[in-house]
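Some questions follow on how terms are applied to this model. Each reply sets a value against its definition.

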Amino acid sequence: MTTAPRPRPSRRLRAIPDRTTVNVQWLVRLRWAQLVGQIATVVGVELGFDLPLPLAPLAIVIGLGVASNLALEAYVYGARRDGAARPVPDGHLAGVMALDVALLTVLLGLTGGPHNPFGFLYLVQIALAAVLLRAAWTWALVALSFIGYGVLLGAHRALPISDDARLVGVWVALGVAAGFIVHFLQRITGALAEREAELALARNLSARQERLASLATMAAGAAHELATPLSTVALVAKELERHLVAAGDAPLVEDARLIREQVGRCRVILDQMAGGAGTIGEGVAVLTVDALLAESLTSVRHEPVVRREVAAEVAATPVRLPPRAVSQALRSLVTNAQDAAGPSATVTVGAELTGADDDRRLRITIVDRGPGMTPEVLARVGEPFYTPKAPGRGMGLGLYLARAVIEGVGGTMIIESTVGQGTRIAVIIPVEVGPESVRTGETNPGPVLSKEA
């Protein structure tokens with residue numbers, strides 16, 4: 001058995017958050033963590049140490065922090081019905097962080113000023129600013145923190161703290177500041193790295209969709225050019241059939257009729273080509289799984305035999321998708337399986353439902369018992385104009401176009417193959433495909449072809 005790398009698929013089509021959205025989400029979380037830490041510190045000092053803390057002013061300052069974070073959350077999330085975060089300009093983020101520096105300065109001024117070991121928390125604000133903001137805003141917050149600590153040198157409320165208690169406080173404050181910085185910087189940079197990976201996938205998918213659009217244009221042009229000579233062939237075949245019927249040559253009459261039938265089939269294929277490739281220009285429709293599979297198996301060869309294995313409840317399940325494009329993609333996969341299986345074998349097509357109610361997916365499997373694919377072939381299968389078939393048996397576009405269609409409706413195609421045992425192709429598509437989900441080349445981090453054996 002051979003195995004090819006599997007890219008990480010995306011479950012749903014979703015918008016890629018911009019950098020400011022990621023930043024504000026983590027800033028809100030950090031501010032809640034800071035406020036909880038401030039409350040815990042005040043309560044711990046009040047209960048564990050005999051120090052006269054000004055509880056009322058401290059409560060007011062912490063309350064201002066809570067109110068400002070509630071307002072920030074309302075601004076970021078309140079206007080969106082879908083629960084997604086709204087981008088916040090850098091200037092607004094800098095203003096929020098400047099407020100945090102000012103509140104921290106007041107808290108320190110009420111609890112010992114420069115003698116309070118939690119002055120280390122200025123570094124948390126500076127480190128966050130270095131990650132979240134542009135250089136100018138970051139240096140502005142550095143200057144504000146420097147000025148704030150300078151103010152504490154001349155104006156603060158002294159607290160009778162022993163040297164031993166102060167050293168313990170320094171130790172605790174260092175650990176808290178380091179923990180905040182490491183944890184949140186790692187989470188923020190991880191979120192930004194995930195966003196960059198999604199952007200890379202989106203660019204890759206967009207490039208493939210552009211190539212698909214180019215193929216659609218080329219196919220439509222070829223269909224237009226071929227229509228005239230095919231019409232001529234059909235007309236000549238009809239006249240030939242009429243003369244042969246008059247001459248009583250039955251075998252040649254059948255040959256002439258076969259020519260006309262094949263020309264008619266070519267006209268149907270050309271009409272499909274003229275309509276474009278993939279999901280471009282096609283709307284969604286509701287049909288059952290049974291009807292989708294029946295349409296997919298239309299015009300496939302009688303040999304090797306294609307056997308359907310679908311439970312009755314799955315066959316009756318309605319799906320909403322672009323029927324022509326998806327059925328063409330499945331038909332191409334079945335035809336490839338027939339080519340691989342050989343005339344005496346059987347190709348099996350199955351279907352099942354997977355996922356939760358809010359993310360139901362239809363999984364269609366196409367299995368042949370052919371020779372299978374080597375790791376080298378498996379690594380390249382699905383590339384445009386690549387085919388392991390003998391010359392003249394294919395152009396190498398079937399799997400590529402099928403993959404593009406499946407990705408275009410938010411699905412995934414997985415190929416498993418074992419040399420000497422055959423190949424299994426799994427097509428996983430949403431049961432409900434909305435019109436906004438049918439991609440025609442826009443940037444979106446949809447799933448990619450996953451190849452494994």
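Q: What makes a residue nonpolar, polar or charged in the lining of the second largest pocket?
A: Ala, Val, Leu, Ile, Met, Phe, Trp, Tyr, Cys and Pro count as nonpolar, Asp, Glu, Lys and Arg as charged, and the others, Gly among them, as polar. Sorted in this way, the lining has 26 nonpolar, 11 polar and three charged residues. The model is predicted: local features need pLDDT of at least 70 and side-chain atom pairs 80 or more, while totals for chains, interfaces and linings use all residues. Numbering starts from 1 along each chain as its sequence is written, and side-chain values use heavy atoms, without hydrogens or water.

Q: Why is strand β5 called mostly covered?
A: Buried means under 20% relative accessible area (exposed is over 50%, partly exposed in between; 1.4 Å probe, protein chains only). Seven of the eight residues of β5 (361–368) are buried, so the strand is called mostly covered. A strand here is a DSSP run of E with at least two residues, numbered from the N terminus; a helix is a run of H or I with at least four.

Q: How do you know that β5 pairs with β4 and with β7?
A: Two strands pair if DSSP finds at least two bridges between them. β4 (346–354) and β5 run antiparallel with seven bridges, and β5 and β7 (422–430) are antiparallel with eight, so both count as pairs. Gly-350 has Thr-365 in β5 as its bridge partner, and Arg-363 stands opposite Ile-428 in β7.
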